[in-house]
Amino acid sequence: MRFLQYKDLDLRRVKASFAKIRASIEAGDFKSPNVKKLHVGSYYRAKLEHSNRLLLQFAKYGDETVCLALEVIENHAYDKSRFLRGAHVDESKIELEPVDAPIAWPNNESLALRWLHASRVEFELLDKPIVFDDEQESVRRLLAPLILVGSAGSGKTAITLSKMREAQGRVLYVTQSAYLAQSARALYDHHGYENPDQEPEFLSYREFLETLQVPKGREISFGAFSGWFDRHRAALKGLGDIDAHALYEEFRGVISAQPDGPLPLQDYLALGPRQSLLTPSAREVAHALFVRYCKWLEESALYDLNLVAHSLRPLASPAYDFIVVDEVQDLTMVMLTLVLARLKDPSQFLLCGDSNQIVHPNFFSWAAVRSLFWHGLAGDVAQRQALHILQANFRNTRAVTVLANDLLKIKSP
């Protein structure tokens, strides 16, 4: 039987006895380490020494059952176990159920392993055990600053949260979606995980802004913008065939997205063809409309996240020791700059995302992120930071992955 150990398993006092348990279970011997089923969940324990125990679970990988070593329980203190969460364990009752045969597959989908490494014996644990492949593990071991690119199912969330758990001090996870921030928090805290050396915060981008200052009014929605667009159709003739969605992206992702403030007309006109959705002849009309848009926001008690980010930049003093920005492709450069301005050390960040999964229109590009660093806005070390791309997909079948890649080729020839 394969025997894996949790990455954070503390073996400092029990290395020799742990090695004996590993050897016995790998040989299919459960009697020598005195493996017993607990009366709590799907947990087992093995006897390390007279008073110390090793907490185990068993997971399924295909038709194979794998043993997972989770935690050392010292002095029979099951009530202090991170995984048992205060559950009472009566050792006298445990002894009545000795394990004398190979462990049957536990009927628990959260213990199903998607992939196993041929030789690596450590696993990460979020809502379920995860074994990193060589590419993922090499990225996990890199020092900050780190820019991680990967599709859905590539393991970037697991790597991101694993890196975040290793940080010390005040640590921030921020993303555009409040739902994603809450989901990341739940994964981070799963199985009672705590790091006594850090203070983690999980915030949506709007919640992050509110830590600096609560914006007045309501955030502009695309529906409200679309209504404003329809009322200004007479002024749109010089833009050609552009629709509300495209102009919204031009305002949000081009004109107002730069860290130094909304682009003056001359700078906007000087942009290259790949830096704007509009032709140079249409940009003058768009810029005039943007000025009207800003005035309308003020009159309507609405606010634009880019414009708020510009106004709050003087308030963004250093406060965090490490920052994770997830789904970074949903943030504009001014938003990202505001977040990174909260770092004590400007190099201590991890950016994670996939430009093929943009939800909020913002003209995002990795080239723009690199340009941000080249201008020294995220520390000198970040200027030399490369993109690290996860190629493997552990969620979808090969056929689904091939189809998705073909569609992306059509989208971005």
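His191 lies in the loop between α5 (178–189) and β10 (198–204), helices (H or I, at least four residues) and strands (E, at least two) being DSSP runs numbered from the N terminus. Although His191 is not a glycine, its phi is positive, at about 60 degrees. His191 is partly exposed, with a relative accessible area of 22%; buried means under 20% relative accessible area, exposed over 50%, and partly exposed in between (1.4 Å probe, protein chains only). The model is predicted, and local features need pLDDT of at least 70, side-chain atom pairs count only at pLDDT 80 or more, and totals for chains, interfaces and linings use all residues. Residues are numbered from 1 along each chain as its sequence is written, and side-chain values use heavy atoms, with hydrogens and water left out.

A positive phi is also found at Ala301, a residue other than glycine, with a value near 55 degrees. Ala301 is placed in the loop between α10 and β12 (302–303) and is partly exposed, its relative accessible area being 45%. A further backbone feature is the cis peptide bond from Ala144 to Pro145, with omega near 5 degrees. Pro145 belongs to the loop between α3 (134–140) and β8 (146–150).

The chain contains 14 helices and 15 strands. Of its 413 residues, 49% count as buried. The accessible surface of the chain comes to about 20,200 Å², and carbon and sulfur atoms hold 51% of that surface; accessible areas come from the Shrake-Rupley method with a 1.4 Å probe, and for residues only the protein chains shown count as cover. Among contacts (heavy atoms within 4.5 Å) with a separation of 6 or more, 68% join residues 24 or more positions apart.

Seven strands form an open sheet with mixed pairing, in the order β2-β3-β4-β5-β1-β6-β7. Its edge strands, β2 (36–37) and β7 (129–130), each pair on one side only; two strands pair if DSSP finds at least two bridges between them. Within the sheet, β4 (residues 53–61) and β5 pair in the antiparallel sense over nine bridges, and Arg53 stands opposite Ile73 in β5. Helix α1 (residues 15–26) packs on the sheet, where it touches β1 (2–6), β3 (44–47), β4 and β5. The direction of α1 makes about 145 degrees with that of β1, axes being lines fitted to C-alpha atoms, for helices over the stretch in contact, and angles running from 0 to 180 degrees between N-to-C directions.

In soluble globular proteins, nonpolar side chains tend to be buried together. A nonpolar core is here a set of buried Ala, Val, Leu, Ile, Met, Phe, Trp, Tyr and Cys residues joined through side-chain atoms within 4.5 Å. The largest such core has 62 residues, of which Phe3, Leu54, Leu56 and Leu84 touch the most other members. Strand β5 (residues 64–73) gives the most to this core, with seven residues. Leaving aside neighbours within four places in sequence, Leu84 contacts Leu38, Val40, Tyr43, Leu55, Ile73, Tyr78 and Val89. A second, separate core has 34 residues, including Leu209, Tyr303, Ala309 and Leu336.

β10 pairs with β9 (residues 169–175) in the parallel sense over seven bridges, and Gly169 stands opposite Gln198 in β10.

Helix α8 (residues 244–255) has twelve residues, which at 1.5 Å a residue should span 16 Å, in agreement with the 15 Å between its end C-alpha atoms; the expected span of a helix is 1.5 Å times one less than its number of residues. Eleven of the twelve residues of α8 are buried, so the helix is largely enclosed by the rest of the structure. Among these buried residues are Glu249, Glu250 and Arg252, together with Leu247, Tyr248 and Phe251. The buried residues of α8 pack against α7 (222–231), α9 (265–269), α10 (280–299), α11 and α12 (333–340).

Asn306 lies in helix α11 (residues 305–312) and counts as buried, at 0% relative accessibility. Apart from its neighbours within four places in sequence, Asn306 is in contact with Arg252, Ser256, Ala257, Thr332, Val334 and Met335. Asn306 and Thr332 are 26 residues apart along the chain, and their C-alpha atoms are separated by 7.5 Å.
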